[in-house]
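Keep the viewer open and follow each section.

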Amino acid sequence: MAKKADETFTPTGKVYKSTTLPKPTRKKHTTLGLKDEDLMPVFRNMYLQRRFEERAAQMYQKGKFGGFLHLYIGQEAVSASTVHVLNDDDDIISAYRVHGLALARGTSPNACMAELYGKKTGCSKGKGGSMHFFDVERHFWGGHAIVGAHIPLGAGLAMANKYKKNGRIAICFFGDGAVDQGSLNETFNMAQLWKLPVVFVVENNGYSMGTSVERHSAGQLHKRGEAYGMKNGVANGMDFLSMVESLKDVVEEVRETSEPYFMEVKTYRYRGHSMSDPQNYRTKDELEEFRSFDPIERLKDYILKEKIQTQKEIDEVIEEVDQEVLDAIDFAEKSDAPDDHELFEDIYVQEDFPFHK
Amino acid sequence: MAIVIDMPKLSDTMEEGVIAKWNVKEGDTVSSGDIIAEVETDKATMDVEAFDPGTVLKIIAKEGESVPLGGKMAIIGEEGEDISDLLDGDDGGGKKSEPEKKKTDDKKEESDSGKSAKKDSEDGDSEDKDSGKKEDEEFDPLFGELEDDKKSSASDDEGEDESRIKVSPLARKMAKEQGIKLSDVKGSGPNGRIVKKDIESYEPSSKKEAKAEAPSGKAAAKPSDASNYEDVPISQMRKVIARRLGESKFTNPHFYETIDIDMKKAIEVRKTFNEMPDVKVSFNDMVVKACAVALRRNPKVNSSWLGDVIRRHKDVHVAVAVAVDEGLLTPVVRNTDSKGFSEIGAEVKELAAKARDKKLQPDEMEGSTFTISNLGMFGIEEFTAIINPPNACILAVGAIRDVPVVEDGKVVPGKRMKVTLSSDHRIVDGATAAEFLQTLRSLLENPMSMLL
Amino acid sequence: MSEKQFREAIREAMVEEMRKDDTIILMGEEVAEYNGAYKVSQNMLDEFGGKRVIDTPISELGFSGIGVGAAMNGLRPIIEFMTFNFAVVGMDQIINNAAKIRYMSGGQLKIPIVFRGPNASAGQLGATHSVAFESLYAHIPGLKVVYASEPYDAKGLLKTAIRDDDPVIFLESEQMYGLKQEIPDEEYTIPFGKGKIKREGDDVTIVAHGKMYHVAKKAAEELAKDGVEAEIIDPRSMKPFDFEMVIESIKKTNRCVIVDESHPFAGMAAEIGFIIQRDAFDYLDAPVQRVTVPDAPAPFAKNLFDLWLPDAKQVIDAVNTVTYRN
């Protein structure tokens, strides 16, 4: 044993296993407080997130725009359930895999696609790009691309809410890689000490870029809350109704007690970390296994099984969304690029600016 | 509608991809998101997915073939659809899809290919020219600049000395403004850098002047395009001017004081005089007379530097600068202070005429104790003059100007004239000069007092 | 007018602003119950309570980031660092978040936050506790940087900083906290980007900010005995910087010495020097000189430390060089 440990530091040969997913809920939507008519909009939005990103990938591969492109495909139940459970004025902040959350929050596909294209009509005026979607009007605070660096920002949003006694809570998403950052530990300590109304959510999709969670994090992720006396738990991110079940209670409790909560959501991304990821760290079998729990398919099947909508009605919605996304591409392509002066807008610039003469 | 699957950008840097494997064959149905092929990029083997559902109608690029970015790989559509349009000029084979690249609507590619085409033609042009070729041969990416330096310094002999002189930017600017040749100035700064102080205290010795003239004379004599200039022989008068005034300017420490004089009364008095028959008095005559009286009252100004002593002249002899064709002459009105306006006027008139006719005798130009230069008739408001040795001072007289003046709290039209006294600091100090100017002003402002 | 210490001036600025605007909070290590490590925030907890004067754990990254988040969401936090040498562990929050989020969001939000605390060396504290950070922060677009040298300036500038909607780095000095100056009793502010000619002279322009102003002042007094009249410009804010005042002064003096407590390489002095050579080229009678700490960390040993820190003699030497008196 000792000899073997000497041969390597980081564990090898470990992958993310679907068996770690919590069992999905058996509760009906009505038990979870959802009406029949609530489900189709959720389905529509989850499908919009997916179709948007598929087309975005296609346009990226056609060289229509540059930069990074991190796809959320596979994780749509997390964003959809969050927006469903939260109030419209609760504050959401996330990391760089952010298209899904923005679309869930209601930022238009046009504004999102235009942002990918770097156009002035983008949700950040073309100055943020894929990783920095912002829609502050919808209490969507970005899009942050330094891993773990926005975790204290989430706590700060909550601090201001508590200070202003406005009844809002904050929810802060990050990936499993961010759990390893010092920022998480400093923030957790203060959030618990200061009793900040914030839900920290790690979207554990199994891989910190190409390193499986088993290879980059010691212990279970949600247990990191324990050290600070922070309540914590695990949720199934591949199933919308399970997410609603888990989040609902947590959000209520955080709002009521003004104490933070750390939720580990087990989920999976179907695509690579970025668009140039050969994904040699996982097998196709593993990918297929997770795809068999696809959250969008599950919700569709549920809707059909419960006879809430017919296949034909669902097909119509799909067709509608397909067209909406194509329209978004058209919108983005036809939009103007930001004006040159935008280079010096939204940032302090000395009046008699001597540096660019 | 059938859709072309073209080679996607699967890595930031790939320009082409090799089809490693097709996961579908013609006739298969695919859904959006299906992995239809594997492509070897410059970095790794990557999956190619279908973004639209349909039937594989045509596999254009075979396994092992290389397809450029954006090149056609396959066509997906509805079974039985006519795809001849899409296949036009492209009957299989990835390599042949090259021309298609230019047809894509990718602006970036278009502009790139446009650029390269232009470059090609430019290269072609330059090869035709010998000079272009020569340049190519001589160009050395590492030492190119060095070569350039050599060339420019070889072709620019005159500039060389100046350009290698160490001089502060301020001193360089000052030298340029004052027409001082930097090569004549000795730098006192680190490594001989010429600094402000050196320009301020610069005095050309005649030796230095001669030295400075020699190379420039040489340069002028150099056979180049003779139509660019005309060499004018230096007249005796110019030589004298050059020597005397050069000496004066560079050996006598000049300083300058300007005073503004109210000429209202002078104008009135002159008018009264000129109403008398046979009398013609000019402002200049009045200034000459005023200076003479002022000199009498301020004898320190009526002096000369003789090296070991300062000579105070007992007589006042005012010289008046007269412009002539070849330069200027300074005939002297002797015992000026004892003469009246009209006497002075007549004498100046006569001397000036003689000067222009080159009939002035040397003794008519010698022995002055003070000089006046008047450019008022040219509209010059004020200027500084170079002292006429061995005088201690020279007065530069400007034009009489119409200016608004405040009298009893009201703005009324006024007449003003500026005079500037250049003084040799070795003889005259600032306060002495000022006292002289004050006297001069009060005389001209109350002209009748001159007659007393 | 009444005489105030530097620390009191800063405290007054914070207290006066906090009385007017209840979205302003003060956060940092030992700011509340301990009354401030350097007594800057003395009695502020008593007046404003624990909701607005907040003790933090030693987590510079954490509380800087929480401050930025709170600023995004409507508060106006003042973050006190016990020294900016400790802020290095939280620098990601300042450089990547505070400075950039407004820009990246296309201007959808503002980040009114002040990061303040002592900067640079304070005697023999060793290499990690002696760094002057103004050059480093001034390098980052989106940050305003202030380093006051006297109580009057400090109070007026800090009030401006607190009212500013952009992040401001406000630098102080342990060694200046006790410095006294008469300051007005009535309200005043000082705009950023406006320097002050603190001594007039015709022979040389000395640009010196923060603690180095006092070094320059001492040098100027010595030089005056020798007949050299130095003009001292305290730019007061590093970014924006009052280049105009410096250029105008050089047109008169034709020479300039910059005294900067930063390291020389790519420091403030280098930037100021660049602008001077471009905009005052034809007025220079000598190359611009700078006096900075060397390109070496602060040593502990007394003799080495004294060598390391700029002093009046170094400034006098530099003035002698630019006036060709060497």
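## Ground rules

Helices (H or I, at least four residues) and strands (E, at least two) are DSSP runs, numbered from the N terminus. This is a predicted model, where local features need pLDDT of at least 70 and side-chain atom pairs count only at pLDDT 80 or more, while totals for chains, interfaces and linings use all residues. Residues are numbered from 1 along each chain as its sequence is written, and chains are lettered from A and ligands numbered from 1 in the order in which they are written.

## Chain A at a glance

Chain A has twelve helices and eight strands. Of its 357 residues, 53% are buried; a residue is buried if 20 or more other C-beta atoms lie within 10 Å of its own, exposed if 12 or fewer, and partly exposed in between, with C-beta atoms placed from the backbone. Two residues are in contact if their C-beta atoms, placed from the backbone in this case too, lie within 7 Å. Among the chain A contacts with a separation of 6 or more, 77% are between residues 24 or more positions apart.

Two loops hold a positive phi in a residue other than glycine. B:Asn191, with phi near 55°, sits in the loop between α7 (169-178) and α8 (196-200) of chain B. B:Asn191 is exposed, because 6 other C-beta atoms lie within 10 Å. C:Ala120 has phi near 65° and belongs to the loop between β5 (114-118) and α6 (134-138) of chain C. C:Ala120 counts as buried, because 27 other C-beta atoms lie within 10 Å.

There are cis peptide bonds to look at as well. One joins B:Pro389 and B:Pro390, with omega about 5°, and B:Pro390 lies in the loop between β16 (370-374) and β17 (393-407) of chain B. Another joins C:Lys239 and C:Pro240, with omega about 5°; C:Pro240 is in the loop between β12 (237-239) and α9 (243-253) of chain C.

## Nonpolar cores

A nonpolar core is a set of buried Ala, Val, Leu, Ile, Met, Phe, Trp, Tyr and Cys residues joined through C-beta atoms within 7 Å. The largest one has 211 residues, and those touching the most other members include A:Val199, C:Val146 and C:Val315. Helix α2 (residues 36-61) of chain A gives the most to this core, with nine residues. Apart from it lies another core of 51 residues, among them B:Ala294, B:Val348, B:Leu360 and B:Phe370.

Leaving out residues up to four places away in sequence, C:Val315 touches residues including C:Ile206, C:Val257, C:Val291 and C:Pro310.

## A hairpin in chain B

Strands β4 (residues 35-40) and β5 of chain B pair in the antiparallel sense over five bridges; two strands pair if DSSP finds at least two bridges between them. A hairpin through four residues joins β4(B) to β5(B), and B:Val39 stands opposite B:Met46 in β5(B). On β5 (residues 45-49) of chain B, B:Met46 and B:Val48 form the covered face, whereas B:Thr45, B:Asp47 and B:Glu49 form the uncovered one.

## Where chains meet

The contact between chains A and C takes 36 residues from chain A and 39 residues from chain C. On the chain A side, α6(A) gives the most, with eleven residues. That side divides into 16 nonpolar, twelve polar and eight charged residues, where Ala, Val, Leu, Ile, Met, Phe, Trp, Tyr, Cys and Pro count as nonpolar, Asp, Glu, Lys and Arg as charged, and the others, Gly among them, as polar.

Eight residues of chain C are in contact with nine residues of chain B.
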